[in-house]
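Subject: Structure for you to look at

Hello,

Here is the structure you asked about. Please open it next to this email and follow along; my notes come after it.

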Amino acid sequence: MPTFVILEKGAVKDTLVGANPPELTKRVSSLAQSIPVGSEVISEDPQAALNARLKSLLESAKVITFIKGTVDEPRCGFTRKLLSILKDTNVEFSTFDILSDNAVREGLKKYSNWPTYPQLYVNGKLVGGLDIVNELLADGDLIDTLTA
């Protein structure tokens, strides 16, 4: 039988015996509202929490692209083409598979006001999708954009 023990500074704060996801969620949420993070308290606002997560993802690499699938297995033609272009630049980049996380997939569209994927970011700022990358490539500005 599963047992969940919630600790705070090594002391047992709460215990839940048995598989009861709604009750576990309730207890963890209740405790999380009062956990200090530095001088702040974890936000109860799900949108604020998602925005903070998106910001963290955007800042996780100098160049990051949000794609459908992975580098080894792109799941759409636009992703495949963007990855091909990025690989040809020899600029290091990271990826995030938006099909693996619907909250990120839907949230990033609103966060960046860009409705389609793939999306390319440099230094945490949206460059655009495949059409913009193609324009930068055609104008000879892509490398400068990626290394700015």
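Phe66 has Gln119 as its bridge partner in S7. Please keep in mind throughout that this is a predicted model. The pair belongs to a set of 4 bridges that join S5 to S7, and these two strands run antiparallel. Phe66 also stands opposite Phe96 in S6. On that side, S5 and S6 pair in the parallel sense, over 4 bridges.

As background, strands of a sheet pair through backbone hydrogen bonds, either parallel or antiparallel. Both kinds occur here: the open sheet has 4 strands in the order S6-S5-S7-S8, with mixed pairing. Which are the edge strands? They are S6 and S8, and each of them pairs on one side only. Neighbouring strands in this sheet are turned against each other by 30° on average, direction ignored.

Next, the S7 and S8 end of the sheet. S7 and S8 run antiparallel and are joined by 3 bridges. Tyr121 has Leu126 of S8 as its bridge partner, and the partner of Val122 in S8 is Lys125. S7 and S8 form a hairpin with 2 residues between them. Asn123 sits in that turn and has a positive phi of about 55°. At 45% relative accessibility, Asn123 counts as partly exposed.

In a regular strand the side chains alternate between the two faces of the sheet. You can check this on S7: Gln119 and Tyr121 point one way, Leu120 and Val122 point the other way, and all are buried.

H3 touches S5 (63-67), S6 and S7, and its direction makes about 160° with that of S5. H4 packs on the sheet as well, touching S5, S6, S7 and S8, and its direction makes about 60° with that of S7. H3 also takes part in a right-handed β-α-β unit, which is made of S5, H3 and S6.

Not counting residues up to four places away in sequence, Ile67 touches Thr79, Leu83, Thr95, Phe96, Asp97, Ile98, Leu99 and Pro118. Ile67 and Leu83 are 16 residues apart in sequence, and their C-alpha atoms are 8.9 Å apart in space.

H4 has a second contact, with another helix. Two packed helices are described by the angle between their axes and the distance between the axes. The axes of H2 (residues 46-58) and H4 (residues 102-112) come within 10 Å and cross at roughly 85°. H2 and H4 are therefore roughly perpendicular to each other. From H2, the contact is made by Leu50, Asn51, Arg53, Leu54, Lys55, Leu57 and Leu58. From H4, Ala103, Val104, Gly107, Leu108 and Tyr111 take part. By class, this contact has 8 nonpolar, 2 polar and 2 charged residues.

There are also some backbone details to look up. Most residues other than glycine have a negative phi, and most peptide bonds are trans. Besides Asn123 in the hairpin turn, Asn90 has a positive phi, about 60°, although it is not a glycine. Asn90 lies in the loop between H3 (77-89) and S6 (94-97). With 71% relative accessibility, Asn90 counts as exposed. What kind of peptide bond joins Tyr117 and Pro118? It is a cis peptide bond, with omega about 10°. Pro118 is found in the loop between H4 and S7 (119-122), and Pro118 is one of the residues that Ile67 touches.

Last, the totals. The protein has 6 helices and 8 strands. From the N terminus on, the elements run β-β-α-β-β-α-β-α-β-α-β-β-α-α. Of the 148 residues in the protein, 30% are buried. Among contacts with a separation of 6 or more, 50% are between residues 24 or more positions apart.

Regards

Definitions and conventions. Residues are numbered from 1 along each chain as its sequence is written. This is a predicted model: local features need pLDDT of at least 70, side-chain atom pairs count only at pLDDT 80 or more; totals for chains, interfaces and linings use all residues. Side-chain values use heavy atoms; hydrogens and water are left out. Axes are lines fitted to C-alpha atoms, for helices over the stretch in contact, and angles run from 0 to 180 degrees between N-to-C directions. Angles under 35 degrees count as roughly parallel, over 145 as roughly antiparallel, 65 to 115 as roughly perpendicular and the rest as oblique. Contact means heavy atoms within 4.5 Å. Ala, Val, Leu, Ile, Met, Phe, Trp, Tyr, Cys and Pro count as nonpolar, Asp, Glu, Lys and Arg as charged, and the others, Gly among them, as polar. Buried means under 20% relative accessible area, exposed over 50%, partly exposed in between (1.4 Å probe, protein chains only). Two strands pair if DSSP finds at least two bridges between them. A crossover is right-handed if, with the strands pointing away from the viewer, the path from the first strand over the helix to the second runs clockwise.
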